[in-house]
Amino acid sequence: MSNYKYKIEQYHAIGKADIAINGITVLAGVNGAGKSTLARWLYYIVNISNIYEKNRFEEYQKILGNEIRKYEIAKKEFAESNDELDVFNKAEKSILNIKYNGIETADEVLNIYTVATKQFCEELKKDLPTMSQNALTRISYFLHVERISNKSDDLWIKRFFEERTKIGLSEKDNFLLFQNKRPIYKFYEMIRKEYHETDRPNSVSFQEDGVEILTDRKIGSLLGLDDAIYIDTPMALSITDSSNHFWNELLFMLKNQDENIDISREAKKMLKRITLITGGEVVEKKDVFGQKELFYTRKSDNLTIKLENAATGIKTFAYIEQLLRKGYLTNRTILIIDEPEAHLHPQWIVEFARLLVLLNKEIGLKIMIASHDPDMVSAIRYVSEAEGTLDNTNFYLAEPNEDTETYTYKHLGTDIESIFESFNMALTKIEMYGANSVR
């Protein structure tokens, strides 16, 4: 499996973070040290690298689809006998429904666009002699072209077809150019557009087996990772309508993957383990409108409740269960979790930590977590040792930099003693406040 190095400098609370990702990576530190920022940018790098062409392809689809939409609007000025003509709506939908699958799909879009343009020109030529000057003016306005002045102007129609054909070819060439060059500015543009990040790190680096993915000019392709999944709270399972991209993506994954996907034997073992821990399992049902809903069913008495109404600890295991069942957790995925111990009983913290270690060991899932809990950190450390995966487990502590409000992430290897020293500061505060009777 591939190994990764992830580095950010001088960004928000992060002074310097040089992080190894080759199994399980644990980030510890006070609130406001930049752990969530590290999580988000790791998510951006992995996912945008893998959807770069797809995203640009969708822009290409929309541009040519919008051109065809102009034909749909303009055709309303055609003769009444053609008013039922729906070819342009169908053409636009056909273009937008094409799934990206290499250069061939770019040709598919262009072919549909060209056929629709030809159809529009033929219909216009047929109806042109009967149109009023007002209709011609409106058509010219809808198409954003010079006004048609002659009702038998075949040359205008020929010129229009040639110009529109050039537009299609030009957009296809632009798409292929981006596919080959993969300019870095487009990467940051996607982050700003999709995730509303208003600024970016002064320095960000991501290496796959020693090869830099981000350069000053382009973003490279990842060979060993397909997806990053970021979970900042299990409460996302209680939300039905949100502007939070990560919550929406999680809910989509939990409900919309192929139900008949063939998951691995190791994944099935993990599912049985989760059922034993929680005493039940997640099931899918459809409501009266055919929309999928998630429920938790307890094995002992078949009690079934909506997952959004289940205990938050149940939700924590439930999202792992569903991601496994839907085939998202593989050796080509990195799972990023912010404070996985939140809402868990101490016993379940240990069980969850063991589950994460086994997901890495049995499936090859790469994991990065941010934790404030000594039980979680300790469990990850010692379960990894017991399972023989300690060499692929790395701990980092965010340490404050002098004279600044930033933190440097110190690599601890597998020595977690300094993490516990930072956790013990809470006990010092309690003793201080108790001794001094601070009110």
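User: Where is the place of Lys7?

Analyst: Lys7 sits in strand E1; strands (E, at least two residues) and helices (H or I, at least four) are DSSP runs, numbered from the N terminus. This is a predicted model, in which local features need pLDDT of at least 70 and side-chain atom pairs count only at pLDDT 80 or more, while totals for chains, interfaces and linings use all residues. Residues are numbered from 1 along each chain as its sequence is written, and side-chain values use heavy atoms, with hydrogens and water left out.

User: Is Lys7 buried, exposed or partly exposed?

Analyst: Buried means under 20% relative accessible area, exposed over 50%, and partly exposed in between (1.4 Å probe, protein chains only). Lys7 is partly exposed because its relative accessible area is 26%.

User: Which residues does Lys7 touch?

Analyst: A contact means heavy atoms within 4.5 Å. Leaving out residues up to four places away in sequence, Lys7 touches Lys16, Ala17, Asp18, Ser203, Val204 and Ser205. The C-alpha atoms of Lys7 and Pro183, 176 residues apart along the chain, are separated by 20 Å.

User: What describes two packed helices?

Analyst: Two packed helices are described by the angle between their axes and the distance between the axes. The axes are lines fitted to C-alpha atoms, for helices over the stretch in contact, and the angles run from 0 to 180 degrees between N-to-C directions. Angles under 35 degrees count as roughly parallel, over 145 as roughly antiparallel, 65 to 115 as roughly perpendicular and the rest as oblique. In this model, H1 and helix H3 (residues 103-127) pack at an angle of about 10°, with axes 10 Å apart. H1 is therefore roughly parallel to H3. Residues making the contact include Phe57, Tyr60 and Leu64 of H1 and Val109, Leu110 and Tyr113 of H3. By class, this contact has twelve nonpolar, three polar and one charged residues. Ala, Val, Leu, Ile, Met, Phe, Trp, Tyr, Cys and Pro count as nonpolar, Asp, Glu, Lys and Arg as charged, and the others, Gly among them, as polar.

User: At what angle do the axes of H1 and helix H2 cross?

Analyst: The axes of H1 and helix H2 (residues 87-96) cross at roughly 175° and come within 9 Å. H1 is therefore roughly antiparallel to H2. Among the residues that meet are Gln61, Lys62 and Gly65 in H1 and Phe88, Asn89 and Glu92 in H2. The contact of H1 with H2 divides into seven nonpolar, three polar and four charged residues.

User: How much space lies in the largest pocket?

Analyst: Rolling a probe the size of a water molecule over the atoms shows where empty space is left. On a 1 Å grid over the protein atoms alone, a cavity is a set of points where a 1.4 Å probe fits but cannot get out, and a pocket is an open set with protein on both sides within 12 Å along at least five of seven lines; lining residues have an atom within 4 Å of a point. Grid points are joined across faces, edges and corners, and a volume is the space filled by probe spheres set on the points. The largest pocket holds about 650 Å³. Of its 22 lining residues, the closest to the centre are Ile51, Lys54, Tyr195, His245 and Glu249. H1 gives the most to this lining, with eight residues. The lining has eight nonpolar, five polar and nine charged residues.

User: Which residues line the largest cavity?

Analyst: The lining consists of Leu27, Lys35, Ala39, Ile336, Ile337, Asp338, Met368, Ile369 and Ala370. H1, strand E10 (333-338) and strand E11 (366-371) each give two or more residues to it. About 30 Å³ of space lies in this cavity.
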